[in-house]
Every structure is written in structure tokens, then in C-alpha cells.
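Keep the model open as you read.

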Amino acid sequence: EVDQSNLADAQQELDALIQRVDRTAAGQPGETAGFPSVSYDEVALSVPEDGESRFVHLFDGEQQYTINCQSTSEHRDAVTEVCDQAIETLTGR
């Protein structure tokens, strides 16, 4: 189970995974929709060349949910807007 008391441990594991894609990526622990969370903004992708992901990992006890908003520079603003809206409107059960 992941909660605020051991979120740093979960972040360490996630950092190791995400840094396999982008060595400079650093997670930001926090809370999203009332759930402990770790977020990664602007994770650079190698394919497509100008690809970028934003990951939000939410924890509900033993369950982990991941939101991945992926874009290229051509549509980044639109994807960012929709991703922000999706994350801001999340609610727990």
C-alpha cells in the first residue's frame, strides 16, 4: 500500500523507471484528487523526435493509476489544456 508515509519510496522506484526514458526527469510528490501522487512534467521522448509525456501516478492503497498525456510540439498546447482539465476534474470515489 502506498500512502503519504511511504510515497518517497514509491517515487524512488518511479524515478528509476522514468529516468530510463529521460535521465533528467524528476518526480514531484504531492496529492492529486485526494490521492497521494507523483508527477513528472515534460519527460522527453526519443520517438517521436519532439515527443513529450506528462505522467501523473496516483495511489489508492494497493492500486496505482497512471495518467500519461503525450504530445508533439505541433499539438502540445491543446494536449496540455485537455490534460490539465482531466487532472483538475478527477475525484475519488
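Helices (H or I, at least four residues) and strands (E, at least two) are DSSP runs, numbered from the N terminus.

This is a predicted model: local features need pLDDT of at least 70, side-chain atom pairs count only at pLDDT 80 or more, and totals for chains, interfaces and linings use all residues. Residues are numbered from 1 along each chain as its sequence is written, and side-chain values use heavy atoms, leaving out hydrogens and water.

Which residues of α1 are buried? They are Leu-7, Ala-10, Gln-11, Leu-14, Asp-15 and Ile-18. Buried means under 20% relative accessible area, exposed over 50%, and partly exposed in between (1.4 Å probe, protein chains only). An α-helix has 3.6 residues a turn, so residues three or four places apart point the same way. The face turned away from the buried side carries exposed Gln-12 and Glu-13.

Now the covalent link. A disulfide (a pair of cysteine sulfur atoms within 2.5 Å) joins Cys-69 to Cys-83, with S to S at 2.0 Å. The pair links distant parts of the chain: Cys-69 lies in strand β4 and Cys-83 in helix α2 (residues 76–88), 14 residues apart. The link is right-handed, with 80° about the S-S bond. Both Cys-69 and Cys-83 are buried.
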